[in-house]
Amino acid sequence: MAPRANWKGFLRLSLVTCPVALYPATSESEKVSFNQLNRKTGHRIKYAKVDADTGEEVANEDIVKGYKVDDDTFVEVTREELENVALESTRTIEIDEFVDRSEIDPRYLIRPYYLCPDGKVGHDAFAVIRETIREMNKVAIGRVVLTNREHIVALEAMDKGLIGTLLRYPYEVRSADEYFDEIQDVKVTKDMLDLARHIVNQKSGHFEPEKFEDQYETALIDLINRKRAGKPITAKARPRGENVVDLMDALRKSIGGEKAAQAAKPARKPRKAASGQKEMLMPIAGKKPAKEAAAKKPAARPQRKSA
């Protein structure tokens, strides 16, 4: 079942309009997360909203937004006033122009969303807009209001739907000059480039996300499982970088190391996982299976199997 839509409204290309819904295309909920605890009691930490001057707790209905003018002055803005900022993009994604995908600087990309028809009507109009974008091999640029802020959104055809990527405004992107100006101009020789190209060729492959593994996440799960099982926790040696004295020698050794690694690397098939389903951890020895424990304690959270 698809998650709840983040936004519902209309997609419009000139006089062609259809109702649409915007859904998040990514999720952080699968990652390991921690709670803050009181070391002495083991209880969770609770945060309260308090008045900065009086120290008294403030009820949610008494909290309003304010823009800081100086240290002691704020301009109060009510929810009603914000809602009265009636932008058309609050309810409609108006396609303003079409651009080539290669023209979009990757620094402007924020996050992707899925755009689908909302309800039983409007599928014909949605298909016309989607196929026009696909056939023209263009990206449609529009505007949408999410969380009370207007965003630029880039729409591309994807299977039967559209994928919309939020874009940053120019004032949100820092200039590279302040970072790159200090980089020295270095002459790279043809021999060095040839060796580096050889390494790239050895490492060349295809973009297959299913092969990627979040090693830090795996290590966190292993740490939690070991602590649950009462096993000792030992610090692992951290890798140390080596100073490069002779760059050509380092490039040559890299080529030899890559050849050895390729020869020793066993062929393995990528693991298949059910869509939207975590891998499960094996139950800890001496404890009841996960299903039985979950039946008795609904709050128990199933965990993944460590690699």
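This is a predicted model: local features need pLDDT of at least 70, side-chain atom pairs count only at pLDDT 80 or more; totals for chains, interfaces and linings use all residues.

Student: Is Ala 21 buried or exposed?

Tutor: Buried means under 20% relative accessible area, exposed over 50%, and partly exposed in between (1.4 Å probe, protein chains only). Ala 21 has 0% relative accessibility, so it counts as buried. Ala 21 belongs to strand β2; helices (H or I, at least four residues) and strands (E, at least two) are DSSP runs, numbered from the N terminus.

Student: Which residues are in contact with Ala 21?

Tutor: Contact means heavy atoms within 4.5 Å. With neighbours within four places in sequence set aside, Ala 21 is in contact with Ala 5, Trp 7, Lys 8, Tyr 114, Leu 115, Cys 116 and Asp 118. For Tyr 114, 93 residues from Ala 21 along the chain, the C-alpha separation is 8.2 Å.

Student: Where is Ala 125 found, and what does it touch?

Tutor: Ala 125 sits in helix α2 (residues 123-136). Ala 125 has a relative accessible area of 16%, so it is buried. Not counting residues up to four places away in sequence, Ala 125 touches Val 16, Thr 17 and Cys 18. Between Ala 125 and Leu 11 there are 9.2 Å in space, C-alpha to C-alpha, and 114 residues in sequence.

Student: How many salt bridges are there?

Tutor: A salt bridge is a side-chain nitrogen of Lys or Arg within 4 Å of a carboxyl oxygen of Asp or Glu. By this rule the count is 14 salt bridges. One of them pairs Glu 131 with Arg 130, whose closest N and O atoms are 2.7 Å apart. Arg 130 is buried, at 14% relative accessible area, and Glu 131 is partly exposed, at 27%.

Student: Which salt bridges does Asp 194 form, with Lys 190 and with Arg 197?

Tutor: Lys 190 and Asp 194 form a salt bridge with closest N and O atoms 2.8 Å apart. Both lie in helix α4 (residues 190-203), four residues apart, about one turn of the helix. Lys 190 is exposed at 60% relative accessible area, and Asp 194 is partly exposed at 32%. Arg 197 meets Asp 194 in a salt bridge of 2.9 Å, N to O. Arg 197 and Asp 194 are three residues apart in helix α4, about one turn of the helix.

Student: Where is Asp 53 in the chain, and why does it count as exposed?

Tutor: Asp 53 is in the loop between β2 (16-24) and β3 (65-70). Asp 53 counts as exposed because its relative accessibility is 76%.

Methods:
Residues are numbered from 1 along each chain as its sequence is written. Side-chain values use heavy atoms; hydrogens and water are left out.
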